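Subject: Structure handover

Hello,

Please take over the structure shown here. My notes on what was found follow it.

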Amino acid sequence: MSRTMAMTTDAGVPVQKHVPPPHQLSFAGLVRGELIKLLTARSLVTLSVLTVLCTAGISIPVAVTTDPKAAQSATQALPNFIDTTLLGMQLSILLVAVLSAVAGASDFGNGTIRAAFAAAPRRTPVLAAKLTVIAGITTVLVSATLLLTAVVTWLALTPGPLWTPATSSTSLLSLAGAVIATAAVSVSAVSLGCILRSSGRAISAILGLLIVVSIAMMAIPPQILAPDFSRYVFGEAVTILLGTADSIGKWIGAVVALVAWSAAFTAWASASMRRRDV
């Protein structure tokens, strides 16, 4: 917390002089603190494990139990490979959203945010540390699991060369899109957690963006909205990136939309943390 020292001028008028706290935690210290909290919170560790299990645990059994088509070439097997590899991401992305929302809001719920703000009065570094740790770890976990899933799925579906998917722009963009969607959902959920300061409200908000808004958009007659408007909605952009990247233009539009949404939520969270009391 910032301190002030009363000083007196020649005219006898007291002047308030800002005196910075004697010990301010560095950004590396804030990151280390967030990492410790993430790894020691049982609920967050459980959600992380479930996210990894869903990413691989749905796709791999499907691939292993699918009979490979001997007459099918490696190139012809790519569409089925992409669909099967990303199958588990439909559930994993929801777990990422819940994990990140809880991690972003938990400090406000249990009051430990006061200690963080005392150590970092500017507050913005606290948000940056949360985003770095939570979004970084979830994205790395999903990326590593997705890569393993892709290798196992390819070997199970076809006897073709292992490097074949790496030579296909469609498969590379599809896998990259899933990673980008994971990072965007995590950043947005953490930011919503810091804005709403309640795990329940943050979870409701991020799941509402992912599911409820997308369903509501389907009920609106297409002639009312601008062409292709729905693909820039948060949930629809995530859905696009979790599917096959069969249209580069559509894929790029979804990436731009999610970057814009994530940046907006982050800016909102930063302003909220600077202006509001704990």
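Start at Phe108, which counts as buried because its relative accessibility is 13%. The term buried means under 20% relative accessible area, exposed means over 50%, and partly exposed is in between (1.4 Å probe, protein chains only). Phe117 is buried too, at 2% relative accessibility. Arg123 lies over the face of Phe117, 4.2 Å from the ring centre. For that label, NZ of Lys or CZ of Arg must be within 6 Å of the ring centre and within 35 degrees of the ring normal.

Some ground rules. This is a predicted model, in which local features need pLDDT of at least 70 and side-chain atom pairs count only at pLDDT 80 or more, while totals for chains, interfaces and linings use all residues. Residues are numbered from 1 along each chain as its sequence is written, and side-chain values use heavy atoms, with hydrogens and water left out.

The overall picture

The protein chain has 11 helices and 2 strands. These are DSSP runs numbered from the N terminus: H or I of at least four residues for helices, E of at least two for strands. From the N terminus on, the order is β-β-α-α-α-α-α-α-α-α-α-α-α. Of the 278 residues in the protein chain, 44% are buried. The accessible surface of the protein chain is about 14000 Å² (Shrake-Rupley method, 1.4 Å probe). Carbon and sulfur atoms account for 68% of that surface. Now take the contacts (heavy atoms within 4.5 Å) in the protein chain between residues at least 6 apart in sequence. Of these, 77% join residues at least 24 apart.

Aromatic pairs

How many aromatic pairs does a search of the whole structure find? There are 5. One is Phe81 with Trp154: the ring centres are 5.3 Å apart and the planes meet at 85 degrees, so the pair is edge-to-face. Phe81 sits in helix H4 (residues 78-85) and Trp154 in helix H7 (residues 124-157), so the pair ties together parts that are 73 residues apart in sequence. Phe81 and Trp154 are both buried. Phe108 and Phe117 also form an edge-to-face pair, with 6.4 Å between centres and 65 degrees between planes. For the cut-offs, rings of Phe, Tyr and Trp (its six-membered ring) pair if their centres lie within 6.5 Å; planes under 30 degrees apart are stacked, over 60 edge-to-face, the rest tilted. Elsewhere, ring pairs link Phe234, Trp261 and Phe265 into a cluster.

Back to H4. Its buried residues are Leu78, Phe81, Ile82, Thr84 and Thr85. They pack against helix H3 (59-64), H7 and helix H8 (169-196).

The nonpolar core

The largest nonpolar core holds 69 residues. H7 supplies the largest share of this core, 13 residues. Such a core is a set of buried Ala, Val, Leu, Ile, Met, Phe, Trp, Tyr and Cys residues joined through side-chain atoms within 4.5 Å. Which residues touch the most other members? Val126, Val185, Ile206, Phe234, Val238 and Leu258 do. Leu258 touches Ala181, Ala184, Phe234, Ala237, Val238 and Leu241, leaving aside residues up to four places away in sequence.

Salt bridges

The structure has 4 salt bridges (a side-chain nitrogen of Lys or Arg within 4 Å of a carboxyl oxygen of Asp or Glu). Glu34 and Lys37 form one, at 3.0 Å from N to O. Both lie in helix H1 (residues 27-40), 3 residues apart, about one turn of the helix. Glu34 also bridges to Lys130, with the closest N and O atoms 3.5 Å apart. Glu34 is in helix H1 and Lys130 in helix H7, so this pair ties together parts that are 96 residues apart in sequence. Glu34 and Lys130 are both buried. Lys37 reaches Asp107 as well, the closest N and O atoms being 2.5 Å apart. That pair links distant parts of the chain: Lys37 in helix H1 and Asp107 in helix H5 (residues 89-110), 70 residues apart.

Is Lys37 buried or partly exposed? Lys37 is partly exposed, at 29% relative accessible area. Asp107 is buried, at 3%. Together, Glu34, Lys37, Asp107 and Lys130 are linked in a network of salt bridges.

Best wishes
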